Amino acid sequence: MIRALAAAAILALGLGQGGRAEPAIYVASQEAGALTRLDGPAVVGLRLGSGPAGLAATADGTLFLTHPEAGRITVVVPGGGDRRALPFRGQPFGIAASADGRRLFVGDWQAGTVSRIDARTGSVEAAAPVGREPAGIVLDGEARVFVAERGGDSVSILDADTMALRARLPVGRAPFALALSPDGDRLYVGNVRSNDLTVIDARGLLVLATVPSGRSPYGVATSRDGGLILVTNQESGSVSVLGRDLVPRAQIPVGRYPEGVALAGDRAYVANWFSNDVSIIDLAGLREIERRPVPDGPRAVVAVPLRGRGEADR
Amino acid sequence: MRMFLATFLLALAANAALAHGPTPQKIQQSIAVAASPAAVWAVLGDFAGIGTWHPDVARGEGSGGNGEGATRTLTLRSGGTLQESLDEWKADGMTYSYRMGEPDLKALPVSSYSATVTVVPDGAGATVSWIGRFYRGDTGNEPPDALSDEAGRTAMNRYFADGLKGLKAKVEGKPAP
């Protein structure tokens, strides 16, 4: 019965529809325990319970959500109208998925580890100790896993196949969010306590620059062409926009306590944790054009790329 | 369908009851003050001067004035010390934002917080809003009661409410509650 109802709810979310023309925007609300699809004519949601925090997606539209409170990962599968739970021993927080959707890389906030998980069975294939409080995790196209170590003021780089540590780079204080440039040459790191952005040469594994942001940068994303970098300033209630040259272009006021940010097409979507809404930003005009209410406590937002066009919005 | 829904909701309720873990918590308090916004800001806006109006603060010491990065060390009457640093201070918006340094669970049972105070015009007077975000004292999945989300909410709500009442009394020229 529950399964049937869940399937109906997922169909209502629009996950079952193939051949969509627009990218799909999903928001995870930790407080409400809800997943919301934002880009339809109306906001529609799915109750997941137990505080989803981390959110990752693969190109086919499969979503992976971590529930640190429950020791669980939820997989929401498109097309089949199905979702399932993978148990996780510990406190799963940051998450990244391999491009083929077979492997998940999941940080355990409390244990200070990153585990590689089989996305179908949930079994742990390998685990690596990392610095304290692993936060944002991203995977590049060369099988390397970047981990923001919030409690260690560093970013570690793991080999995705062996899970061996390849390098560890010192960054600012309390790094939280990571974003890789579309062609994988740069990693942007938001440092929550030092209020700045570290730019890393992702190929040479060197720190290129550190530039100031607003207060408590909690989210980072880049445009599809890599020409714009957006940083959410949680405490300032704003989004900083930088060019690839790292020169500030704009400071855009948004809702209260903005955290996650995702870009798709000519829009950016910002999850405002305190005001329980999403700011939609026009990237051409660099201004907020709409603020849409979502369930309480939105923190993570993800854009599922346009299908079949080889695009890779992050 | 109604039965399906009932079962579904029950399953969700059971799920919610198990919830624990590192979920940030919101605090939001406000109070109306019978004084002009400028008169309220003249008292509230002194970052290190919180000890002059917050009844729970026995002593406040600051350095850096009201500049970004300024710090204040507050000794609470109940024991414990709060180390806080100023992130933004805007006289034109009559608002400032700050966050805690190292936690002191004796002072407040939370592991980190940030907060913003703002004065807004309200008719002939002013309303002061104090909002914040915190993580409970033990961010593991099995916190003791004294370091739970609930304990954090209770303590933070009390601290904000006591402060706002004290601020109101100070600005309106009445004895502290």
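This is a predicted model: local features need pLDDT of at least 70, side-chain atom pairs count only at pLDDT 80 or more; totals for chains, interfaces and linings use all residues.
Me: How many bridges join β21 to β22 in chain A?
Reply: There are 6, between residues 228–233 and residues 238–243. As an example, A:I229 has A:L242 as its bridge partner in β22(A).

Me: Switching to charges. How many salt bridges over all chains?
Reply: The whole structure has 27.

Me: What does A:E142 pair with?
Reply: A:E142 forms a salt bridge with A:R203, closest N and O atoms 3.7 Å apart. The two lie 61 residues apart, A:E142 in the loop between β12 and β13 of chain A and A:R203 in the loop between β18 and β19 of chain A.

Me: And A:R168 with A:E149, what's the N to O distance?
Reply: That salt bridge is 2.9 Å, N to O. It links strand β15 of chain A, which holds A:R168, to strand β13 of chain A, which holds A:E149, 19 residues apart.

Me: Is A:E149 buried or exposed?
Reply: A:E149 counts as buried because its relative accessibility is 0%, under the 20% cut-off. A:R168, at 40%, is partly exposed.

Me: What about A:D266, which residue does it bridge to?
Reply: A:R267, with closest N and O atoms 3.5 Å apart. A:D266 is partly exposed at 45% relative accessible area, and A:R267 is partly exposed at 25%.

Me: Which residues are joined into one network?
Reply: A:R215, A:E235, B:E68, B:D87 and B:R99, through salt bridges that share partners.

Terms used: Residues are numbered from 1 along each chain as its sequence is written. Chains are lettered from A and ligands numbered from 1 in the order in which they are written. Side-chain values use heavy atoms; hydrogens and water are left out. Two strands pair if DSSP finds at least two bridges between them. Helices (H or I, at least four residues) and strands (E, at least two) are DSSP runs, numbered from the N terminus. A salt bridge is a side-chain nitrogen of Lys or Arg within 4 Å of a carboxyl oxygen of Asp or Glu. Buried means under 20% relative accessible area, exposed over 50%, partly exposed in between (1.4 Å probe, protein chains only).
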